[in-house]
Amino acid sequence: KVEIYPAYQHEDLGINSEEPLYIEIKKRLDGQTLDDYVAVLTNPNKKPVFTADERCGLLMEASRAEGLNNVCAEAYSGLAVDFARQKGAAAIIRGIRNGSDLEYERSMEGANKFLRPDIETVYLLARPELEFISSSAVKEMASYGKDIDGLVPDAIKNKIAERLIKR
């Protein structure tokens, strides 16, 4: 069984501000999946802080630091549902921070169902303390040298802060 967690929604930060949410979701699901692919999708309209390969590396580093060893992050330029199909996934797992996320994800689910009716979308709600995290807030705080502890995974926060301060 393969499940996909597409990491693209806030890629302007470079590694996606939802990674604490991703790590939380993986911990909640650990043991229930054989393989977990994280699709680091590219958006040509955005200029991420890190390259797709760097973002994959950061996500793998953060996952391993949390003991999540069945995670494979891959860069992909296309639709998440196509990536899921290529990997033989049964489901796309999405983390939901708030009502805006749910509204957006429900419309994406409809489009995905149109393209691939056999692939389910599973939603997991963020813990309340993660609901406010956004890439814009993290980028702005880090660029002014503010502490981003707790907003991004500990294992990679220094790399993120260093890159953003240099900008």
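## Arg116 and Asp118

At 25% relative accessibility, Arg116 counts as partly exposed, a class that lies between buried (under 20% relative accessible area) and exposed (over 50%), as judged with a 1.4 Å probe and the protein chains only. The side chain of Arg116 meets that of Asp118 in a salt bridge, with 3.0 Å from N to O, where a salt bridge is a side-chain nitrogen of Lys or Arg within 4 Å of a carboxyl oxygen of Asp or Glu. Asp118 is itself partly exposed, with a relative accessible area of 49%.

## The model and its confidence

This is a predicted model, in which local features need pLDDT of at least 70 and side-chain atom pairs count only at pLDDT 80 or more, while totals for chains, interfaces and linings use all residues. Residues are numbered from 1 along each chain as its sequence is written, and side-chain values use heavy atoms, with hydrogens and water left out.

The average pLDDT of the protein is 77, and 78% of the residues score at least 70; pLDDT is the predictor's confidence in each residue, from 0 to 100. Confidence is lowest in strand β1 (residues 2-6), where the mean is 45, and highest in α4, where it is 92. Over residues 1-18 pLDDT stays under 50, and for these residues the model has 103 contacts beyond four places in sequence, a contact meaning heavy atoms within 4.5 Å.

## Overall layout

The protein has six helices and five strands, which follow one another along the sequence in the pattern β-α-β-α-β-α-β-α-β-α-α. Here helices (H or I, at least four residues) and strands (E, at least two) are DSSP runs, numbered from the N terminus. Of contacts between residues at least 6 apart in sequence, 74% join residues at least 24 apart.

Of the 167 residues, 47% count as buried. The accessible surface comes to about 8300 Å², and 51% of it belongs to carbon and sulfur atoms; such areas come from the Shrake-Rupley method with a 1.4 Å probe, and for residues only the protein chains shown count as cover.

In soluble globular proteins, nonpolar side chains tend to be buried together. The largest nonpolar core has 16 residues, and those with the most contacts inside it are Val138, Ile148 and Ile160. The elements that give two or more residues to this core are α2, α5 (135-143) and α6 (157-166), and the largest share, three residues, comes from α6. A second, separate core of seven residues includes Val38, Val40, Leu59 and Val71. A nonpolar core is a set of buried Ala, Val, Leu, Ile, Met, Phe, Trp, Tyr and Cys residues joined through side-chain atoms within 4.5 Å.

## Two buried residues

Leu68, found in the loop between α2 (52-65) and β3 (71-76), counts as buried at 2% relative accessibility. Asn112, which lies in helix α4 (residues 99-115), is also buried, at 11% relative accessibility. Leaving aside neighbours within four places in sequence, Asn112 is in contact with Val81, Ile92 and Pro117.

## Further salt bridges

The count of salt bridges comes to eight. One of them joins Arg163 and Glu54, whose closest N and O atoms are 3.0 Å apart; this pair links distant parts of the chain, with Arg163 in helix α6 and Glu54 in helix α2, 109 residues apart. Arg163 is partly exposed, with a relative accessible area of 29%, and Glu54 is partly exposed at 30% relative accessibility.

Asp149 forms a salt bridge with Lys157, with the closest N and O atoms 2.8 Å apart, and Asp149 is partly exposed, with a relative accessible area of 43%.
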